[in-house]
Amino acid sequence: MVPSGWERKPIKELCESIIDCVNKTAKHVDYVTPFKMIRTTNVRNGRVDIENVRYVEEDIYKQWIRRGAPKDGDIIFTREAPVGEAGILENSEGVFLGQRTMMYRSHPERADNRFLFYSLTSAYCQKQIDDFSNGGTVAHMRVPDCGELMINTPPILEQRKIAKILSTWDKAINTTECLIDNSKQQKKALMQQLLTGQKRLLDDSGKPFEGEWEDLYLHDVAKIIVSPVDKKTVEGEIPVELCNYTDVYYNTRITKSLDFMKATAKQTEIDKFTLQVNDVIVTKDSETPGDIAVPALVSEDLNGVVCGYHLAIIRPQEDKVEGTFLNYLFSMPKTRYYFFTLATGATRFGLSVGGINKAHFTLPPLIEQQKIAAVLTSADKEIEFLEQQLADFKQEKKALMQQVLTGKSRVKVEEDEVAL
């Protein structure tokens with residue numbers, strides 16, 4: 001059921017035109033031209049990317065726009081790979097549709113283009129898209145079906161008001177995403193300066209740290225422990241929670257909030273390989289050299305979680321090195337490349353205990369390490385706060401879409417409200 005004054009209509013009745021791409025591959029060139037092909041990879045997360053495109057010569061462009069050239073404000077939709085992504089085209093100059101994409105152009109008297117866009121991305125329409133695209137080995141929608149998607153349609157002024165409200169949320173989301181990107185870039189630059197000594201922080205007396213940094217082998221400042229504990233559950237052994245390879249690979253910090261694997265281990269293994277606060281864990285083995293020595297810091301007491309295999313624990317000597325500093329140092333591309341040069345293997349790469357022990361770094365005094373770690377941790381907390389804020393915005397917008405695009409919550413349209 002739709003609210004009073006609303007109708008449920010197929011999208012084709014709300015559009016001035018629906019244009020699909022030419023069903024063949026356009027010949028593209030390896031240099032920049034004014035003519036850009038929009039592929040399915042260019043339509044993601046509600047946006048149309050016209051920067052990372054393929055280019056064609058003018059004759060190809062003219063052939064492909066015979067069915068109709070896109071205009072600013074058109075909705076670009078993907079029929080396959082993946083199906084159901086949509087975005088509003090903001091700059092149509094020289095743009096044409098690549099394979100498996102199509103375009104909706106709203107009728108100016110029947111539908112607001114942004115309202116149609118939000119409707120297409122709603123749970124209600126995405127369920128229809130899933131229903132239309134099921135049944136094949138590769139999910140895809142037929143062109144005729146793309147016109148049959150049913151839209152809950154209020155009067156045009158109400159559509160515009162709904163679109164305006166949701167656009168406000170999008171602006172907040174976009175602003176937060178930009179803040180996150182800027183914060184990450186600033187942190188990256190700060191790491192490069194602080195972890196190489198290009199920039200020195202102030203000590204407790206307010207003066208810049210001075211003195212040379214010391215070149216030390218890793219075994220001079222930390223104990224290296226390579227774990228052999230596997231994921232198996234063996235009768236007679238002690239049940240444990242296991243920190244495994246993916247826990248380290250996908251997290252910069254290891255905390256109790258992670259869902260650790262259940263396994264078993266011998267008492268001697270528990271005694272030796274139980275993780276401690278300030279341990280830095282690195283991936284010791286990988287099928288690709290670029291995944292060697294990915295670090296993660298044990299940032300809190302894990303209540304007995306054991307380190308799994310294919311990992312190495314680097315346990316700092318507390319009077320010589322700060323674990324948080326070491327974790328940041330290991331996450332730098334230069335350090336990752338250095339460990340890659342120490343790895344051995346042909347089809348599978350690995351770090352030996354000897355190789356890790358002999359790794360050497362130029363380190364500042366402990367107090368300066370702690371200051372550097374504190375500054376970078378503060379930068380991380382700012383990023384985490386913004387990322388949580390972004391997640392909250394997205395969740396709140398999703399809930400709002402469910403209300404306003406179905407008419408469960410009606411928006412108030414003022415009598416003097418005009419088109420945006």
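**Entry 1: aromatic pairs**

I looked up F339 and found it buried, with a relative accessible area of 1%, where buried means under 20% relative accessible area, exposed over 50% and partly exposed in between, with a 1.4 Å probe and protein chains only. This is a predicted model, in which I took local features at pLDDT of at least 70 and side-chain atom pairs at pLDDT 80 or more, while totals for chains, interfaces and linings use all residues. Residues are numbered from 1 along each chain as its sequence is written, and side-chain values use heavy atoms, with hydrogens and water left out.

I counted 14 aromatic pairs in the structure, where rings of Phe, Tyr and Trp (its six-membered ring) pair if their centres lie within 6.5 Å, and planes under 30 degrees apart count as stacked, over 60 as edge-to-face and the rest as tilted. I noted F330 and F361 as a tilted pair, at 5.5 Å centre to centre with 40 degrees between the planes. This pair links distant parts of the chain, since F330 sits in helix α9 and F361 in strand β23, 31 residues apart; here helices (H or I, at least four residues) and strands (E, at least two) are DSSP runs numbered from the N terminus. F330 counts as buried because its relative accessibility is 0%, and F361 counts as buried at 9%.

I then returned to F339, which forms a tilted pair with Y338, at 6.0 Å centre to centre and 50 degrees between the planes. Y338 has 21% relative accessibility and therefore counts as partly exposed. I also recorded one aromatic cluster formed by F35, Y61, W64 and F96.

**Entry 2: nonpolar cores**

Which residues touch the most other members of the largest nonpolar core? I found L195, L218, I314, L329 and F330, out of 37 residues in that core, a nonpolar core being a set of buried Ala, Val, Leu, Ile, Met, Phe, Trp, Tyr and Cys residues joined through side-chain atoms within 4.5 Å. The elements that give two or more residues to this core are α5 (156-194), α6 (218-221), β13 (222-226), β17 (280-283), β21 (311-316), α9 (323-331), β23 (360-363) and α12, and the largest share, five residues, comes from α9. Apart from this core I noted another, of 30 residues, among them F77, M102, F117 and I162.

**Entry 3: pockets**

I put the volume of the largest pocket at about 1100 Å³. On a 1 Å grid over the protein atoms alone, a pocket is an open set of points with protein on both sides within 12 Å along at least five of seven lines, a cavity is a set where a 1.4 Å probe fits but cannot get out, and lining residues have an atom within 4 Å of a point. Grid points are joined across faces, edges and corners, and a volume is the space filled by probe spheres set on the points.

The largest pocket is lined by 34 residues, of which N45, G46, F117, D170 and K397 lie nearest its centre. α5 supplies the largest share of this lining, eight residues. By class I listed 12 nonpolar, 11 polar and 11 charged residues in the lining of the largest pocket, counting Ala, Val, Leu, Ile, Met, Phe, Trp, Tyr, Cys and Pro as nonpolar, Asp, Glu, Lys and Arg as charged, and the others, Gly among them, as polar.

The second largest pocket has a volume of about 760 Å³, and of its 27 lining residues K187, M191, T252, S331 and D380 lie nearest its centre. α12 gives the most to this lining, with six residues.
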